[in-house]
Amino acid sequence: MASSEVDQKFLGKAAKAVEHENPLLASVLYKILGLSINLSHQLVKAKKQRRPDGTPTSAQLDLSFHIIWLSREGLVLLEQYVVPMVGAYTELKVLAYKLRASFYHIFVLFHNTPPVSSMGVNTPDPQNTPQSRLDKGKGVATDDGGAPSSAKPSRNFEGGPVGPPPGFGPESPSAFLLKPGDYLPIAHQYFKDAAELADKILWGSHSLRLSVKTEYAAFLYECVHDFEGSRKLAKETVAQVYDATEGIDNDMFNDACELVTVLGKMMKRGLNSSNKNPASSTGSQPPARTEQGEPSAPPGMI
């Protein structure tokens, strides 16, 4: 995400192509390219440092802050200088739409409220306050010096603990970088926009189109938790590649082969457990399958 090696190739080619006619656009594309390469390294590092219990260390928090900051700066450059200028271009327009979705994908993974992934900074639970833990103490001491009793006082209090007013409760540790909120709906919409644009102006085996669909499938699986939808998208994209009749050069062919391999794996994500179910070899009804854990991410993504 933000970006894959395929996206970085197209960023470099686009920046080179517009250097003479639009130096400002070219300079911004080069900046986004450098930022994206840095961001890709940080994302791989964050994946390796992820702990099973999801509790971030101080180093992981710093890394998450860096990732969120890089994504925020990249999005600002993209929306202010690139998206308004790409109307006359084909591949660059698809790339700009895809990168915008990718930056929001990172916000969803690392900064979303409520959290949808174990990758990001945990948002404190507003209910986890001293008042909400009153009933978890040692109880009320008795007057006769006996052991504390778990019985509640005789006075009857109505209602529960009073929480802080809106806007004054606990917030995400990364709130100083980016406004807390639910970025999932807007990220999903941007992925839909990028996928529709790619379908409209790029052929089925185009590597940039495959890059859009690959990350969209990953987003559906990891953030939306639409596991079947992710597998369906991957399957349809692979089928469209084989149906394409347009010619491509060797470099795009190699990128397309790599992305098709990734999509082939994504078609089977979460289905491995069903193959090990002994009930499948008998006539009994197997138990309902649940998605467990997070499978390994495709290259350049989390």
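**Helix packing and aromatic pairs**

Helix 1 and helix 2 are roughly antiparallel to each other (angles over 145 degrees count as roughly antiparallel, under 35 as roughly parallel, 65 to 115 as roughly perpendicular and the rest as oblique). This is a predicted model, in which local features need pLDDT of at least 70 and side-chain atom pairs count only at pLDDT 80 or more, while totals for chains, interfaces and linings use all residues. Residues are numbered from 1 along each chain as its sequence is written, and side-chain values use heavy atoms, with hydrogens and water left out.

**Helix 1 and helix 2**

- Helix 1 (residues 5-17) packs with helix 2 (residues 23-49) at an angle of about 160°, and their axes are 8 Å apart.
- Helices here are DSSP runs of H or I with at least four residues, numbered from the N terminus.
- The crossing of helix 1 and helix 2 is left-handed (the near helix is turned anticlockwise from the far one by less than a right angle).
- On helix 1 the contact (heavy atoms within 4.5 Å) is made by Gln8, Leu11, Gly12, Ala14, Ala15 and Lys16.
- Helix 2 contributes Ala26, Leu29, Tyr30, Ile32, Leu33, Ser36, Ile37 and Ser40.
- By class, the residues of this contact are nine nonpolar, four polar and one charged.

**Helix 6 and helix 8**

- Helix 6 (residues 207-224) and helix 8 (residues 250-266) have axes 9 Å apart and pack at an angle of about 20°, which makes helix 6 roughly parallel to helix 8.
- Their crossing is left-handed.
- Residues in the contact include Leu210, Thr214 and Ala217 of helix 6, and Ala256, Leu259 and Leu263 of helix 8.
- The contact of helix 6 with helix 8 has 10 nonpolar, three polar and one charged residues.

**Aromatic pairs**

- The whole structure holds eight aromatic pairs (ring centres of Phe, Tyr or Trp, the last by its six-membered ring, within 6.5 Å; planes under 30 degrees apart are stacked, over 60 edge-to-face and the rest tilted).
- Tyr104 and Tyr190 form a tilted pair, with ring centres 5.2 Å apart and planes at 50°.
- Tyr104 lies in helix 4 (residues 91-111) and Tyr190 in helix 5 (residues 184-201), so the pair ties together parts that are 86 residues apart in sequence.
- Both Tyr104 and Tyr190 are buried (under 20% relative accessible area; exposed is over 50% and partly exposed in between, with a 1.4 Å probe and protein chains only).
- Tyr221 and Phe227 pair edge-to-face, at 4.7 Å centre to centre and 70° between the planes.
- Tyr221 is buried at 4% relative accessibility, whereas Phe227 is partly exposed at 21%.
- One aromatic cluster is formed by Tyr104, Phe107, Tyr183 and Tyr190.

Technical notes: Axes fitted to C-alpha atoms, helices over the stretch in contact; angles between N-to-C directions. Helix = DSSP H or I, 4+ residues; strand = E, 2+ residues; numbered from the N terminus. Nonpolar A, V, L, I, M, F, W, Y, C, P; charged D, E, K, R; others polar.
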